[in-house]
Amino acid sequence: MNRRSLILGTGLIAALLLVGLGVAGLAFAGQMAPGPAQPVNFPHTVHVSALGMECRFCHRGVDTEAQATIPPVEQCLFCHVVVRTDSPEIQKLLNSYRNNEPIDWVRVHRQPDHVGFVHWTHIAKGFDCATCHGDVTNIDQMPLGRVKQVRALGMGDCVNCHRENNAPTDCWTCHK
Ligand code: HEC
Ligand code: HEC
Ligand code: HEC
Ligand code: HEC
Ligand code: HEC
């Protein structure tokens, strides 16, 4: 091999490596992308892992209704009238209550209107929240501590799980 082809060859390998790294980098960036920013930087880790609060303490509809629901600010103030009132994030909760302006949480999981998902049947069947939502307290899965969607939960995903569990798969099970 002469010197010129050696240089060309090395250049080609370097270029291929860079393309490869770029593709891997994009895939990595997608995986690491955090969920949407919320009006209040609510940490699931603190409340669930450190304080040991149950998911249903806040998401009260989950065992009995279609919607899991996000708690009204009054429920947060149960503690935060005294806890960390110096924090700017907690100030937002106090202002929201004072001004009677509900916090406009950004929805992370949202099905189209023609799909009728129900939480309670799935919970009654014994599925854990993490089966569909991942671990909301795991910072590796939820970069910056923001909840993000980690499972497809599209029609293919729903129907597959229904098949595997002998649950109904007629169109009108999920479509109204
Ligand atoms: C102290 C109250 C509280 C507790 C306890 C709590 N959450 Fe939340 N959760 C919230 C609030 C507030 C939001 C909206 C802001 C956000 O997304 O972080 C939320 C959002 C979510 C979302 C995203 C909702 C959407 O828009 O799609 C999921 C999923 C979720 N929580 C699951 C859980 C699970 C699972 C647990 C238990 C391991 C849990 N939460 C415990 C208050 C709580
Ligand atoms: C079988 C899958 C599945 C399981 C199990 C599940 N969820 Fe969900 N969750 C969903 C889907 C799908 C949506 C979006 C629903 C929609 O847009 O109508 C959702 C939406 C939510 C939301 C935001 C909208 C709402 O319903 O208030 C919260 C909060 C939530 N889930 C919390 C929980 C918690 C807490 C648990 C466990 C106690 C849980 N989920 C278990 C699939 C699941
Ligand atoms: C059972 C009591 C309790 C409830 C209910 C509660 N929290 Fe908390 N929260 C705490 C404690 C304790 C901390 C940790 C305070 C510290 O770091 O010293 C905390 C921390 C926080 C922080 C971080 C503050 C900061 O700047 O470090 C935010 C934001 C927050 N809570 C929001 C909420 C929201 C929103 C709700 C209602 C959905 C809620 N909390 C419900 C007890 C509670
Ligand atoms: C982890 C598995 C799993 C996933 C994922 C799942 N389901 Fe289910 N679903 C079930 C099982 C099992 C049942 C039957 C529960 C029972 O027998 O009470 C069920 C029941 C239902 C029911 C009530 C049916 C009835 O007639 O009682 C609806 C509606 C439903 N699922 C919609 C959905 C939708 C929409 C999705 C996707 C967004 C979804 N499911 C994702 C396992 C799953
Ligand atoms: C287990 C739940 C489930 C069953 C059963 C189900 N679907 Fe769906 N379907 C969904 C969900 C969730 C979506 C929305 C997410 C998506 O587009 O994948 C959807 C979306 C659709 C859409 C819109 C697609 C688009 O591109 O917007 C059509 C059309 C549809 N379903 C038809 C059907 C028909 C026909 C059947 C019966 C053969 C059926 N579905 C059975 C859950 C279900």
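Biologist: By class, how many residues of the shell around ligand 5 are nonpolar, polar and charged?

Modeller: The model is a predicted one, in which local features need pLDDT of at least 70 and side-chain atom pairs count only at pLDDT 80 or more, while totals for chains, interfaces and linings use all residues. Residues are numbered from 1 along each chain as its sequence is written, chains are lettered from A and ligands numbered from 1 in the order in which they are written, and side-chain values use heavy atoms, with hydrogens and water left out. For the classes, Ala, Val, Leu, Ile, Met, Phe, Trp, Tyr, Cys and Pro count as nonpolar, Asp, Glu, Lys and Arg as charged, and the others, Gly among them, as polar. Around ligand 5 there are seven nonpolar, six polar and one charged residues.

Biologist: Which residues of this shell are the closest to ligand 5?

Modeller: A residue belongs to such a shell if one of its heavy atoms lies within 4 Å of the molecule. Ligand 5 is surrounded by 14 residues, and the closest are Gln-111, Met-155, Cys-171, Cys-174 and His-175. Helix H8 (155-164) and helix H9 (171-174) each give at least two residues to this shell, and H8 has the largest share, with four residues. Helices here are DSSP runs (H or I, at least four residues), numbered from the N terminus.

Biologist: Which atoms of the protein lie 2.8 Å from ligand 5?

Modeller: One looks for polar contacts, that is, pairs of N or O atoms within 3.5 Å; within protein, one must be able to donate a hydrogen and the other to accept it, and residues adjacent in sequence count only if both atoms are side-chain atoms. A polar backbone atom of Met-155 is 2.8 Å from an oxygen atom of ligand 5. An N or O atom in the side chain of His-175 is 2.8 Å from a nitrogen atom of the ligand.

Biologist: How many residues surround ligand 1?

Modeller: There are 20, and His-44, Cys-55, Cys-58, His-59 and His-109 are the closest. Twelve of the shell residues are nonpolar, six polar and two charged. The largest share, three residues, comes from helix H2. A polar side-chain atom of His-44 is 2.9 Å from a nitrogen atom of ligand 1, and an N or O atom in the side chain of His-109 is 2.7 Å from an oxygen atom of the ligand.

Biologist: Is His-119 buried or exposed?

Modeller: Buried means under 20% relative accessible area, exposed over 50%, and partly exposed in between (1.4 Å probe, protein chains only). His-119 is buried, at 16% relative accessibility, whereas His-133 is partly exposed, at 23%.

Biologist: Which residues coordinate the iron atom of ligand 3?

Modeller: His-47 (NE2) and His-80 (NE2) do so, at 1.9 to 2.0 Å. His-47 is in helix H2 and His-80 in helix H4 (residues 73-80), so the pair ties together parts 33 residues apart in sequence. His-47 is buried, with 15% relative accessible area, and His-80 is buried too, at 12%.

Note on methods:
Donors = N, O, S within 2.8 Å, 3.2 Å for Na, K, Ca; no water.
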